[in-house]
Amino acid sequence: MKNLQLGARTVADIDAQVAKVLRGLGNPEPPIDLAVVRDLLRLDRYYYSTTDDGLLSETISRLKVAGLQVLLRPTLLKEAVRSLSLKALYLPDQKRILIDKDLPKLKHRWNEAHEVGHDIIPWHEGMMLGDTEQTLTPTCHAIMEAEANYAAGQLLFLAERFRSDACDSEPSLGHIRQLSERFGNTMTSTLWRFIEQGHRGRPMVALVTGHPHQIKRKADFDPANPCRYCVQSPAFVQRFGGLGEVDLFRVVTSYAGAQRGGGLGAKEVILADASDERHLFKFETFFNGHEALTLGHWLRATPKPAV
């Protein structure tokens, strides 16, 4: 399944909503604490789920948040006066989002952020009270989920902070693992975010699959749909979007070993773009025991061989 590409206006609108939340939290360092996010939204959900983000409205909201926190916990007033920081006022909130308890805790984190995404996107409000004739359509549902996923990624990876850190080094699974630890998110979600936001303008693709080696595949492996996710950067979609998931998975199977875990191998391969121009890519794959994560990124254009 390929990732859905959102329009520029939609991306800008969601970016603005997430930026408002991060400002309300005092632009925290990674990893972001979702308990603090929930608390902020509970105290002033109206402000953080509307497009009313003027300076006056923001100031009123911060005063309201501070006032409500003080009412809930009067002893915080002394702390607030001393620190002069609204960050010190955030209180732990009850968990209100229902999550499958069998999921790993790091996956809870993504699901929570996804629900927060629905909450702060203003045009989702009327659609979250139950399915309507419109939201029941697969296309509308897929768009809403993609929008909430984008908002979750912006929130968990602190928007521009992740983009800056991602561009510090050349693309590699090792760098993505470091970013995963720094931002406190799963390697799969970090890989996804890296493709969509890191190294803007560079063609990159990620595959999330079962074990690619033939002797390690599960009985239900479907050769016609080998990828759980196929995440493509905007530049990859523009120039290499004609390549199918089967074509890309075939690249992985050309080098992947049968190891039970860890690195499965790497290879430089040539892919042709929509104009039939040749480009050198580097692919590498890691198996975490459950899923194989593959990163493919553009290295350089290569001339056609002499006939």
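Visitor: How many bridges join strand 3 to strand 4, and do the two run parallel or antiparallel?

Guide: Strands pair if DSSP finds at least two bridges between them. Here strand 3 (residues 262-272) and strand 4 are joined by 10 bridges and run antiparallel. Ala266, for example, stands opposite Glu284 in strand 4. The two strands form a hairpin with five residues between them, and Asp276 in the turn has a positive phi of about 65°. Strands here are DSSP runs of E with at least two residues, helices are runs of H or I with at least four, and both are numbered from the N terminus.

Visitor: What kind of model is this, and how are residues numbered?

Guide: This is a predicted model: local features need pLDDT of at least 70, side-chain atom pairs count only at pLDDT 80 or more, and totals for chains, interfaces and linings use all residues. Residues are numbered from 1 along each chain as its sequence is written, and side-chain values use heavy atoms, with hydrogens and water left out.

Visitor: How many helices and strands does the chain have?

Guide: The chain has 11 helices and five strands. Take helix 1 (residues 8-24): its 17 residues reach 24 Å from first C-alpha to last, close to the 24 Å expected at 1.5 Å a residue. The expected span is 1.5 Å times one less than the number of residues. After helix 1 comes Gly26, whose phi is positive, near 80°.

Visitor: Which residues of helix 1 are buried?

Guide: An α-helix has 3.6 residues a turn, so residues three or four places apart point the same way. In helix 1 the buried residues are Ile14, Gln17, Val18, Lys20, Val21, Leu22 and Gly24. Buried means under 20% relative accessible area, exposed means over 50%, and partly exposed is in between (1.4 Å probe, protein chains only). Buried residues make up 45% of the 307 residues in the chain.

Visitor: Which residues have the most contacts inside the largest nonpolar core?

Guide: In soluble globular proteins, nonpolar side chains tend to be buried together. A nonpolar core is a set of buried Ala, Val, Leu, Ile, Met, Phe, Trp, Tyr and Cys residues joined through side-chain atoms within 4.5 Å. The largest one has 42 residues, and Val21, Ile32, Val37 and Leu155 have the most contacts inside it. A second, separate core of 20 residues includes Phe249, Val269, Phe287 and Ala292.

Visitor: What does Val116 touch?

Guide: Contact means heavy atoms within 4.5 Å. Val116 lies in helix 5 (residues 105-120) and is buried, with a relative accessible area of 6%. Not counting residues up to four places away in sequence, Val116 touches Val37, Leu41 and Leu155. Leaving aside neighbours within four places, Val21 is also in contact with Val37, Leu41 and Leu155, among others.

Visitor: How many aromatic pairs are there?

Guide: A pair of aromatic rings is described by the distance of the centres and the angle of the planes. Rings of Phe, Tyr and Trp (its six-membered ring) pair if their centres lie within 6.5 Å; planes under 30 degrees apart count as stacked, over 60 as edge-to-face and the rest as tilted. The count comes to eight aromatic pairs. Phe157 and Phe183 form a tilted pair, 5.8 Å centre to centre with 45° between the planes. Phe157 lies in the loop between helix 6 (138-156) and helix 7 (160-166) and Phe183 in helix 8 (residues 173-183), so the pair ties together parts 26 residues apart in sequence.
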